[in-house]
Amino acid sequence: NEDVQAASNTICYSDNIHPNLVGAVPGKSQSNNSGSDKRELFVMKQALEIAFHDILLAPYRLAAHYNGMDVEVTLPMIQLTTLDQHKDAKIVKP
């Protein structure tokens with residue numbers, strides 16, 4: 001069981017994902033985070049992905065510029081909300 005946990009944590013580390021974000025740290029005795037902590041971990045993970053989004057979208061932005069199209073090519077960021085807002089997520093601009 002400990003080997004499986006170590007392997008899961010190593011995979012999460014190599015993918016730059018916190019283990020609590022994907023549920024790789026089981027049980028109450030482990031360092032489980034609250035919902036607010038997981039929401040913040042998700043926001044940090046998305047912030048780390050912005051540079052990769054820019055690289056991914058560069059050819060589309062080049063094609064739009066070359067063709068004279070006035071469009072903004074972006075990937076939306078999801079912001080998880082709290083239960084008092086009566087919805088689970090909203091889309092925000094990076």
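**Figure 1. Contacts of Gln-46 with Met-77 and Ile-78.** Leaving out residues up to four places away in sequence, Gln-46 touches Met-77 and Ile-78 (contact means heavy atoms within 4.5 Å). The model is predicted: local features need pLDDT of at least 70, side-chain atom pairs count only at pLDDT 80 or more, and totals for chains, interfaces and linings use all residues. Residues are numbered from 1 along each chain as its sequence is written, and side-chain values use heavy atoms, with hydrogens and water left out. Gln-46 lies in helix α3 (helices are DSSP runs of H or I with at least four residues, strands are DSSP runs of E with at least two, and both are numbered from the N terminus). Gln-46 has a relative accessible area of 14% and is therefore buried (buried means under 20% relative accessible area, exposed over 50%, and partly exposed in between, with a 1.4 Å probe and protein chains only).

Figure 2. Helix α3 consists of 14 residues. From its first C-alpha to its last, α3 reaches 20 Å, close to the 20 Å expected at 1.5 Å a residue (the expected span is 1.5 Å times one less than the number of residues). The buried residues of α3 are Arg-39, Leu-41, Lys-45 and Gln-46. They lie on the same side of α3 because they cover an arc of only 160° around the axis (the arc is that of the directions from the helix axis to the C-beta atoms).

**Figure 3. The contact of helices α3 and α4.** Helix α3 covers residues 35-48 and helix α4 residues 50-66. The two helices pack at an angle of about 40°, and their axes are 4 Å apart (axes are lines fitted to C-alpha atoms, for helices over the stretch in contact, and angles run from 0 to 180 degrees between N-to-C directions). The two helices are therefore oblique to each other (angles under 35 degrees count as roughly parallel, over 145 as roughly antiparallel, 65 to 115 as roughly perpendicular, and the rest as oblique). On the α3 side, the contact is made by Gln-46, Ala-47 and Leu-48; on the α4 side, by Ile-50, Ala-51 and Phe-52. Five residues of this contact are nonpolar, one is polar and none is charged (Ala, Val, Leu, Ile, Met, Phe, Trp, Tyr, Cys and Pro count as nonpolar, Asp, Glu, Lys and Arg as charged, and the others, Gly among them, as polar).

**Figure 4. Arg-39 of helix α3 and Leu-80 of strand β1.** Arg-39 is found in helix α3, and Leu-80 is found in strand β1. Their C-alpha atoms are separated by 6.2 Å, although the two residues are 41 residues apart along the chain. Not counting residues up to four places away in sequence, Arg-39 touches Leu-80, Thr-81 and Thr-82. With a relative accessible area of 18%, Arg-39 is buried. Leu-80 has a relative accessible area of 33% and so is partly exposed. Arg-39 also has a C-alpha separation of 8.5 Å from Leu-21, which is 18 residues away along the chain.

Figure 5. Helix α1 has 13 residues and reaches 18 Å from its first C-alpha to its last, close to the 18 Å expected at 1.5 Å a residue. The helix is hardly covered, with one buried residue among its 13. Cys-12 is found in α1 and counts as buried at 8% relative accessibility. The C-alpha atoms of Cys-12 and Val-22 are separated by 8.4 Å, with the two residues ten residues apart along the chain. Asn-16 is found in the loop between α1 (2-14) and α2 (19-22). Just after α1, Asn-16 takes a positive phi of about 60°, although Asn-16 is not a glycine. At 45% relative accessibility, Asn-16 counts as partly exposed.

**Figure 6. Overview of the protein chain.** The secondary structure comes to four helices and two strands. From the N terminus on, the order of elements is α-α-α-α-β-β. The protein chain has 94 residues, of which 15% count as buried. Among contacts with a separation of 6 or more, 24% are between residues 24 or more positions apart.
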